[in-house]
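Subject: Structure handover and findings

Hello,

Please find the structure below.

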Amino acid sequence: SSRFGKFIRIHFNASGKLSGADMVVYLLEKSRLTYQQPLERCYHAFYNLMSDYVPDLKEKCLLSDNILDYWYVSQGKLTVPSIDDKEDMMFADEAFDILGFSSDEKYDVFKNTACMMHMGNMTKDFVPVGKEEQAEIKDESNAEKVATLCGIDAEWMITYFCKPKLKVGTEWVSKGSTCSNAASSVAGIARAIYVRSFRIVV
C-alpha cells in the first residue's frame, strides 16, 4: 500500500557486493485517524472490528453495535462498495493465527484499535470549570472504557490529561489544561497507540 507498509532497503558497497540492509515501517496520513473529510474513510481496521465476524470481539472491546457511536471514525464515509468489511476481518483474524500471534496478543491489538474509538468519544467529555475554564470530565464512562482497555487507572489518566505535569527548573508542577488542549492531547495519544500497535503487527 502507498499509505502503510514495510520497506526493506538493501545496501551495496562500491564493488557491488551486499554490505547490509535496513527496514523502515511507515504509516502515512495519521491525521485521518482522528479526522476525515466527508468523502474520506478512516482506516479500514475500525470498520472491520464492527463487522461482527468475531462473535465476542465487541464485548471484549466494550463496543456498541453502531459505528456512529464513535466520533473519530464516523466523520466521513462509513462504507465502500468494493470493500466487504466482514470478509476483510476474516482475513485479518486468520492472518494473526497463521503468523503465530497468541489469542491474547491478537485481542490486545483489537483492544488497542477499539481504544482509539473510545478516546474519540472521550474528547467530547471535557467541560470548562472555573474562571480559567480548566478542563474536567464530569461523565467518566468513556474514560473508564479507555482505561480498562489500556490496563491503567482511569483517575490517573484523567488527571494527566486535565492537569499535565511540566518541569519548571528542577521541579515538576501541574498545570490546568483547556478543553481544547486536553482533547488535542487525547488525540495525540490515540494516534500514538494506533501507530505502535501497527508496528507490533508488521
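A salt bridge here is a side-chain nitrogen of Lys or Arg within 4 Å of a carboxyl oxygen of Asp or Glu. This is a predicted model, so local features need pLDDT of at least 70 and side-chain atom pairs count only at pLDDT 80 or more, while totals for chains, interfaces and linings use all residues. Residues are numbered from 1 along each chain as its sequence is written, and side-chain values use heavy atoms, with hydrogens and water left out.

Salt bridges

The structure holds 10 salt bridges. One of them joins Asp85 and Arg41, with the closest N and O atoms 2.7 Å apart. This pair links distant parts of the chain: Asp85 is in helix 3 (residues 85-98), and Arg41 is in the loop between strand 2 and helix 1 (44-49), 44 residues apart. Helices (H or I, at least four residues) and strands (E, at least two) are DSSP runs, numbered from the N terminus. Asp85 counts as buried at 14% relative accessibility, and Arg41 counts as buried at 6%. Buried means under 20% relative accessible area, exposed over 50%, and partly exposed in between (1.4 Å probe, protein chains only).

Asp52 and Lys58 form another salt bridge, the closest N and O atoms being 2.9 Å apart. Asp52 is partly exposed at 44% relative accessibility, whereas Lys58 is buried with a relative accessible area of 8%. Salt bridges that share partners also join Glu29, Arg32 and Glu40 into one network. Arg32 is buried, at 12% relative accessible area, and Glu40 is partly exposed, at 25%.

Cysteines

How many disulfides does the structure hold? The count is 0, where a disulfide is a pair of cysteine sulfur atoms within 2.5 Å. For Cys42, the closest cysteine sulfur is in Cys115, and because the two sulfurs are 14 Å apart, they are too far for a bond. Cys42 counts as buried, at 2% relative accessibility. Cys179 is in no disulfide either; the nearest cysteine sulfur, that of Cys162, is 8.0 Å away. Cys179 is also buried, with a relative accessible area of 18%.

Surface patches

Patches are made of residues with over 30% relative accessible area and no salt bridge; like charges are joined within 9 Å, and nonpolar side chains (Val, Leu, Ile, Met, Phe, Trp, Tyr) within 5 Å. Accessible areas come from the Shrake-Rupley method with a 1.4 Å probe, and for residues only the protein chains shown count as cover.

Ile8, Ile10, Phe12, Leu18 and Met23 make a nonpolar surface patch of about 560 Å². Strand 1 (4-12) and strand 2 (18-27) each supply at least two of its residues. The largest share, 3 residues, comes from strand 1. Met23 is found in strand 2.

A negative surface patch is formed by Asp139, Glu144, Asp153 and Glu155. Lys and Arg count as positive and Asp and Glu as negative, with His and the chain ends not counted. The place of a charge is taken as NZ of Lys, CZ of Arg, CG of Asp or CD of Glu. Glu155 lies in helix 6 (residues 154-162) and is partly exposed, with a relative accessible area of 42%.

Regards
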